[in-house]
Amino acid sequence: MAPLPRSGRYLLVGQPAQLPPTPVATIKRLSHTQLRVMLDTFYSYALHRPLLLRQPLMALLLALSLTLGSCTTVRQGEVGVKRKLGLLDEQVVLSGPKGFNPFIATISKVPITTPNLEIRSSLPSKEDLSVGSGISILYRVKPEKAPTILRETGKDYENVLILPLFRSAAADVCARYFAKDMHSAGRSVIETAIQERMNEVLRTRGFEIEHVLMKNIVLPGGLAKSIEDKLEAEQDAQRMEFQKLRETRDAERRVIEAEGQKRIAVVRAEGQQEANVLEASGKAKAMRIEAEAMRLTNQLINRDLTPAVLNYKSIEAFRELSKSPNAKTIISNGTTPLLNTLAP
């Protein structure tokens, strides 16, 4: 956009500035961003004028700003709700620069991120004890419900709606549990029950409770001491039970080892006995075979040693003796020789 033309004449204080007329049709066609650029240019122009001209120019600039409108920026993580002539627009304004007429409209911004609402509360228990706890409530606003929240609850919805509803839900849920349950694994069950109880009411009002976290649980002094004593007694009982179980397992292990040694000895004795039986059986069988062989041999010898064979063998023996150069003494009964090989 071209800058506004500068006049070469200096005006007296109180005399209106002589600016070139701008057609109304041209202003209507300009966007809010273009109007902003025009106003910034005019503001810079006014600052560089002499002091006598600065006040009228600034007054004119303020009048133009109020006439042309105002602008705001809706950041990420929030939505805007436009209120025009006292009525809320049901259409939310998303992130980005937004222009509006400051005389008849405003834009309220509602965060839609997840805040951590931390409080310190005293919770009742089933045995009518008071248990102190730090509470973290994580919730978020549904973007499409932002106009309904501003119309029905207002911007202070944490103190008006969320906190009172939490105190009511926490009192109803915690009264069904013992104090020791809030200090043990039952705490997660209580947190879930409070969250569901709150969501039953808040979902229709435009809120979503994501988590209810109980931390830094402080039990009454006497109860804390009794719980510690009980836990210590339970730990001692568990330790004794573990000792008993370990001794029982050691005894069972020794019995199993003795049974194993016994079985090994029995198997070893049975194996030795079977080996002895097999060895004796083998020896007896060998002796029987040897005796049978001797018997067969003797039968064959007795069958083959006829008198003629014996005479023949005697003659062969005398013949072999006659070939020997050694001196020998031969004793015979006339039929069978008896050889004396002893030295004389």
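Student: What does the protein average in pLDDT?
Tutor: The average is 76, and 72% of the residues score at least 70, where pLDDT is the predictor's confidence in each residue, from 0 to 100.

Student: And which stretches have pLDDT below 50?
Tutor: Residues 1-30 are below 50, although this stretch has 30 contacts in the model beyond near neighbours in sequence, a contact being heavy atoms within 4.5 Å. Residues 340-344 are also below 50, and that stretch has one such contact. Where pLDDT is low, the predicted coordinates should not be read in detail.

Student: Changing topic, how many helices and strands are there?
Tutor: The protein has nine helices and 10 strands, assigned as DSSP runs (helices H or I, at least four residues; strands E, at least two) and numbered from the N terminus.

Student: In what order do the three strands of the open sheet come?
Tutor: The order is S3-S2-S5, with antiparallel pairing, and two strands count as paired if DSSP finds at least two bridges between them. Strand S3 (87-88) and strand S5 (105-111) are the edge strands, each pairing on one side only.

Student: Over how many bridges do S2 and S3 pair?
Tutor: Strand S2, residues 78-84, pairs with S3 over two bridges, and lysine 84 stands opposite leucine 87 in S3.

Student: What about aromatics, how many pairs does the count come to?
Tutor: The count comes to two aromatic pairs, where rings of Phe, Tyr and Trp (its six-membered ring) pair if their centres lie within 6.5 Å, and planes under 30 degrees apart count as stacked, over 60 as edge-to-face and the rest as tilted. Tyrosine 157 and phenylalanine 207 form a tilted pair, at 5.2 Å centre to centre with 55 degrees between the planes. That pair links distant parts of the chain, since tyrosine 157 lies in helix H5 (residues 157-174) and phenylalanine 207 in strand S8 (residues 207-218), 50 residues apart.

Student: Are those two buried or exposed?
Tutor: Tyrosine 157 and phenylalanine 207 are both buried, meaning under 20% relative accessible area, with exposed over 50% and partly exposed in between (1.4 Å probe, protein chains only).

Technical notes:
Residues numbered from 1 in each chain as written. Predicted model: local features only at pLDDT ≥ 70, side-chain atom pairs only at ≥ 80, totals over all residues. Heavy atoms only, no water.
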